[in-house]
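Reader: I'm new to this one. Can you walk me through it?

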Amino acid sequence: MPSSTDDLLATLDRSRPVLIAGPTASGKSALALRVAERLGGPIVNADALQVFADWRVLTARPSVEDEARHPHALYGHIPGDQPYSVGAWLRDVAPLLAGPPPVIVGGTGLYFTALTEGLAEIPETPADVRRVAMERIAQDGAEVLLHELDAATAGRIDRQNPMRIQRAWEVLTATGRGLADWQDETGPPLLPLSVAQPVLIEAPKDWLSPRIERRFDAMLAGGALDEARQNAPGWSPERPSAKAIGARELVDHVGGHLTLETARERATLA
């Protein structure tokens, strides 16, 4: 609601960073642009898939026009075949906290948690361990890995999120220690929540679902199929950027394995 946004803008403190979180298609980017233009600091990406260069339209990165309108950071700066972790994101965010207070916006809760609560210094996952995890999930689903986690980790992670399950299994397999054990040794955060201004956008499903459908249709009309054709020759589900929602479906479509309608239905459901 415009009046609610105006009320929010009127109450924000120009001297403190703003954190904007919320689900897909809830209006985060538009709000972030309005807030940043009012407060003056840059807009900083906190979406784990918008960091990749090869899916601009499909990951709903800000438009070229919006990026020209106000400074943006950490969007599309990583090649799609290069791994990128929450630890790497924190290292990239740190210098941005030293300048004008930024507006940090995205849908990756782990990024916000690591930023405001700290991050355990967990060794990088070996490529062979990650490959096994992805192959097992593709074949049997993430629940197979969930059953192999230590009890403390299994009770703490989001059990409905395959990426979180995969990460926890990789940590346990690679280090012999559960993710919960590593997290209990977490150091101090870069940005404690007490010194930030958090904004959470909540959206009921019956309001959000039609927006997601309309936005995906807009993506199809705006170049997502061209992106799929560009990515298809080197496509692999193991590419870090392959987790972009709808990527597999659109690549399957341009490869002649799915109708566009089926690809659209699966992607919007995901």
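Author: We'll go through some strands, helices and loops in turn. Keep in mind that this is a predicted model.

Reader: Let's start with β1. Which way do its side chains point?
Author: V18 and I20 point one way from β1. L19 and A21 point the other way. All four are buried.

Reader: OK. How many bridges join β1 to β4?
Author: There are 4 bridges, and the two strands run parallel. β4 covers residues 103-106. V103 in β4 stands opposite V18.

Reader: And how many bridges join β1 to β5?
Author: Here too the count is 4, and β1 and β5 run parallel. β5 spans residues 197-200.

Reader: Which residues in β5 partner L19 and I20?
Author: P198 is the bridge partner of L19. V199 is the bridge partner of I20.

Reader: Which side chains of β5 are buried?
Author: Q197 and V199 are buried, and they point to one face.

Reader: Helices now. Which residues of α5 are buried?
Author: Y111, F112, A114, L115 and T116 are. The helix itself runs over residues 109-117.

Reader: What do those buried residues pack against?
Author: They pack against β1, α4 and β4. α4 is residues 86-93.

Reader: What follows α5?
Author: G118 does. Its phi is positive, near 100 degrees.

Reader: Which residues other than glycine have a positive phi?
Author: A25 is one of them, at about 65 degrees. A60 is another, with phi near 60 degrees.

Reader: Where is A25?
Author: A25 is in the loop between β1 and α2. β1 is residues 18-21, and α2 is 28-39.

Reader: Is A25 buried or exposed?
Author: A25 is buried, at a relative accessible area of 5%.

Reader: Where does A60 sit?
Author: A60 lies in the loop between β2 (43-45) and α3 (64-69).

Reader: And is A60 buried or exposed?
Author: A60 has 18% relative accessibility. Buried means under 20%, so A60 counts as buried.

Reader: Back to helices. At what angle do α11 and α12 pack?
Author: The angle is about 65 degrees, and the axes are 10 Å apart. α11 covers residues 205-231.

Reader: Is that crossing left-handed or right-handed?
Author: The crossing of α11 and α12 is right-handed.

Reader: Which residues meet there?
Author: From α11 come F216, L220, A224, L225, A228 and R229. From α12 come L250, V251, H253 and V254. The residues of this contact divide into 8 nonpolar, 1 polar and 1 charged.

Reader: What about α12 and α13? At what angle do their axes cross?
Author: They cross at roughly 175 degrees and come within 9 Å. α12 is residues 247-254, and α13 is residues 260-269.

Reader: What does that angle say about their directions?
Author: Angles over 145 degrees count as roughly antiparallel. α12 and α13 are therefore roughly antiparallel to each other.

Reader: Which residues make the contact?
Author: E249, L250 and H253 come from α12. L260, A263, R266 and A267 come from α13.

Reader: How many of those are charged?
Author: There are 2 charged residues in the contact of α12 with α13, along with 4 nonpolar and 1 polar.

Notes: Residues are numbered from 1 along each chain as its sequence is written. This is a predicted model: local features need pLDDT of at least 70, side-chain atom pairs count only at pLDDT 80 or more; totals for chains, interfaces and linings use all residues. Side-chain values use heavy atoms; hydrogens and water are left out. Axes are lines fitted to C-alpha atoms, for helices over the stretch in contact, and angles run from 0 to 180 degrees between N-to-C directions. Angles under 35 degrees count as roughly parallel, over 145 as roughly antiparallel, 65 to 115 as roughly perpendicular and the rest as oblique. Contact means heavy atoms within 4.5 Å. Ala, Val, Leu, Ile, Met, Phe, Trp, Tyr, Cys and Pro count as nonpolar, Asp, Glu, Lys and Arg as charged, and the others, Gly among them, as polar. Buried means under 20% relative accessible area, exposed over 50%, partly exposed in between (1.4 Å probe, protein chains only). A crossing is left-handed if the near helix is turned anticlockwise from the far one by less than a right angle, and right-handed if clockwise. Two strands pair if DSSP finds at least two bridges between them.
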